[in-house]
Amino acid sequence: MEQNEIYALENNRQGNSEEKPDRGGKYFWCGLITGLVMALLVVSGVYLVNRLQAMIVARNGHSNHASANASDEEEDTSDTAITPRMIEKMELIEEIIDKYFYEEDIDRAILEEGAYRGMVEALGDPYSQYYSAEELKQLYQDTQGVYYGIGAYVSLDTVTSYAKISGVIAGTPAEEAGLREDDIIYKVEGTDVYGMALEEVTGMIKGEEGTMVHLTLVRDGIEIEKEIERRRVESPTVNSEMYENGIAYIQITEFDTVTEDQFAEALAVAKGSGMKGLILDLRSNPGGNLISVVNIARMLLPEGLIVYTEDREGRRTEYKCDGSRQLEVPMVVLVNGNSASASEILAGAIKDYGIGTLLGTTTFGKGIVQRPIEMSDGSAVKLTISAYYTPNGINIHGVGIEPDVICEFDSERYYSEEKYDNQLESAKELLESMIQ
């Protein structure tokens, strides 16, 4: 039956492509033949659906009145998505795949995972994600600051729905290959990653040590091809330095489980070196662990609220500081459009309390909180569970935090031989005026 369908369809297509407007009688016969073929195809299609229905009914013992056509069924008023009707339709789809999909070796586990992912993706929230057991294990490993990859921070570009490079770790393959902040990741190994979840894109970039990954990037509207070796990357989440005139510099690249101790050590060294002012660099910090940023905030802020969250029921959770370790020197905080989530929590609290001056460009604007919820088989669903608010009750989601001093980054000077960071130099000048 299927061979006859295909044969008839192919003959119909060939007849249409070869038809020439010559004699009038030919139109009549072509029309008649075409009509008969279409009628056969409709009858065949109905027969196929009925046969597949019958197979499912026979296997599951469902009522003879069960239908694969949603319009033939009574409206389901249940408040759950997983209904007998859904299960029946999924089984029908599987039967159709088995019968017609051109590849014979179908991985059932992948089909099952796809169903789970599809349900979470249907929420339309780019920050909600399904994780297999292996993916969840990898996620937790990444928060320890060590992984195998290229050494670039990757975030979601909400304008293009592509991932982008939001930062490059010094001394890594990404830096050696010349990757730059705000490079759009267009393809990974030739696969267009448009609309993919961030974790899926980073999972494609990571891999075994010594292997290569091919990236197609878009920079200033021009496609760039990069072949980059994967290596073991130890991501120091805190970098620090002492400048002249007692100016300390501490950069936090992301908030992982190791960040709190690294920041505490850097701050202690700065104080021991005679710190008179602090430059806190949160540029291109994509965020991370909420508890980590809260504990770091407790080393800087006065007594009071650090941040609070509210879930969909309006339940409020507050995170406070006792003020016992408040920073007693002037502070300038560097931010940019890739400073997101947890870094905005810290920058927002500093701005609300007025204990530091924000310099740079408006932050990303991610004012929502995600939580991975594990299941018994080791997999998990990461869901957006609440929105967060700065101490003054401001939710910056989709808006960002505007700095006190606007200073655009001069990428041309930075990526030249000069490596001049105009934002950092402006922060030094501002802090020197505060110290004097």
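**Spaces and a helix pair in a predicted model**

Mentor: In this predicted model, the count of cavities of 30 Å³ or more comes to 1.

Trainee: What makes a space a cavity and not a pocket?

Mentor: A cavity is a set of points where a 1.4 Å probe fits but cannot get out, whereas a pocket is an open set. About 60 Å³ of space lies in the largest cavity, and the count takes in cavities of 30 Å³ or more.

Trainee: How do you know which residues line the largest cavity?

Mentor: A lining residue has an atom within 4 Å of a point, and for the largest cavity the residues are Arg117, Val120, Glu121, Ser128, Gln129, Tyr130, Ala197 and Glu200. Helix H4 (108-121) and strand E1 (129-131) each supply at least two residues of this lining, and H4 gives the most, with 3 residues.

Trainee: How do the residues of that lining divide by class?

Mentor: They divide into 3 nonpolar, 2 polar and 3 charged residues. Tyr counts as nonpolar under the classes used here, so Tyr130, which belongs to the lining, falls among the nonpolar residues.

Trainee: What is the volume of the second largest pocket, and which residues lie nearest its centre?

Mentor: The second largest pocket has a volume of about 1,300 Å³, and it is lined by 44 residues, of which Val168, Glu181, Phe409, Tyr414 and Tyr415 lie nearest its centre. Among the elements that give two or more residues to this lining are strand E4 (162-168), strand E7 (212-219) and helix H12 (422-435), and the largest share, 4 residues, comes from E4. By class, the lining of the second largest pocket has 14 nonpolar, 14 polar and 16 charged residues.

Trainee: Turning to the helices, why are H8 and H9 called roughly parallel?

Mentor: The axes of helix H8 (residues 259-272) and helix H9 (residues 290-297) come within 9 Å and cross at roughly 20°. Angles under 35 degrees count as roughly parallel, and H8 and H9 are therefore roughly parallel to each other.

Trainee: Is the crossing of H8 and H9 left-handed or right-handed, and which residues make the contact?

Mentor: H8 passes H9 in a right-handed crossing. The contact is made by Thr259, Glu260 and Phe263 of H8 together with Ser292, Asn295 and Ile296 of H9.

Note on methods. Residues are numbered from 1 along each chain as its sequence is written. This is a predicted model: local features need pLDDT of at least 70, side-chain atom pairs count only at pLDDT 80 or more; totals for chains, interfaces and linings use all residues. Side-chain values use heavy atoms; hydrogens and water are left out. Axes are lines fitted to C-alpha atoms, for helices over the stretch in contact, and angles run from 0 to 180 degrees between N-to-C directions. Angles under 35 degrees count as roughly parallel, over 145 as roughly antiparallel, 65 to 115 as roughly perpendicular and the rest as oblique. A crossing is left-handed if the near helix is turned anticlockwise from the far one by less than a right angle, and right-handed if clockwise. Contact means heavy atoms within 4.5 Å. On a 1 Å grid over the protein atoms alone, a cavity is a set of points where a 1.4 Å probe fits but cannot get out, and a pocket is an open set with protein on both sides within 12 Å along at least five of seven lines; lining residues have an atom within 4 Å of a point. Grid points are joined across faces, edges and corners, and a volume is the space filled by probe spheres set on the points.
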